[in-house]
Amino acid sequence: VDITTGKVLSTDDLTGDFGTASDYDPQAVIDKYESEGYQFVKSDYPANGEVFGQNGVVQHYIIQLKEKTTNYTPDNNPKKLDLTKTVTRTINYVDANGKQLAPSVTQTITFTRNATVNEVTGQVTYTDWQPSGNDDYNAVESPAVKGYTPTQKTVEAENNVSVNSTDQVVNVVYTADKPATPEHKPSEPDKKPATPEHKPSEPA
């Protein structure tokens, strides 16, 4: 009997002469069902076999089994179940033509869940997704690039990212700085050397 559902899996009828013992061994049946995913619970069939008694008196014995379930986690996942998912935000730093000016930054949030598999029916039951750490994207300062100014100094933080969020790509565009115009000063005219004052010589 499957005690999970109450279903009678099979029935074996035993017959024999009065006072004799049956050589029936239920272990083969138990092994068969265990190979199909069942787990043995208990049996009230006599360990030494049924002794046939009074004619017309039917004895009933029940072997109880239950549907075995197995728990799986991301660290123990031989069935390759869907237990891990990542959501990312990639920040690119480019000029107006799309040329990369600085290394991209990729932020990743990982979500995990557990699963329980019914080894008889194959039904999989999942727990809710949970972030394995922080579920926020931190704010990211745009790096300095010589000769350029970013149109976005900071990519803002984003809170409460969910497992259903789509991957994001953020392009921070840098504009080229205008070359500085040198200050022009009019040149000053050359100064003429001072002419020494000439005094007439006095007579002796």
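This is a predicted model: local features need pLDDT of at least 70, side-chain atom pairs count only at pLDDT 80 or more; totals for chains, interfaces and linings use all residues.
An open sheet of 3 strands is arranged in the order S3-S6-S7, and its pairing is antiparallel. Strand S3 (69-72) and strand S7 (124-126) stand at the edges of this sheet, and each has a single partner strand, so one side of each is left without a neighbour in the sheet. Neighbouring strands of the sheet are turned against each other by 20 degrees on average, direction ignored. Within the sheet, S7 pairs with strand S6 (residues 115-118) in the antiparallel sense, over 3 bridges. Opposite Val117 stands Val124 in S7. In general, strands of a sheet pair through backbone hydrogen bonds, in either a parallel or an antiparallel manner.

A further pairing involves strand S4 (residues 84-95) and strand S5 (residues 100-112), which run antiparallel and are joined by 10 bridges. In this pairing, Tyr93 is placed opposite Ala102 in S5. S4 and S5 form a hairpin with 4 residues between the strands, where Gly98 adopts a positive phi near 90 degrees.

Strand S5 also pairs with strand S8 (residues 130-131), again in the antiparallel sense, through 2 bridges. Here Thr112 is found opposite Gln130 in S8.

Note on methods:
Residues are numbered from 1 along each chain as its sequence is written. Side-chain values use heavy atoms; hydrogens and water are left out. Two strands pair if DSSP finds at least two bridges between them. Axes are lines fitted to C-alpha atoms, for helices over the stretch in contact, and angles run from 0 to 180 degrees between N-to-C directions.
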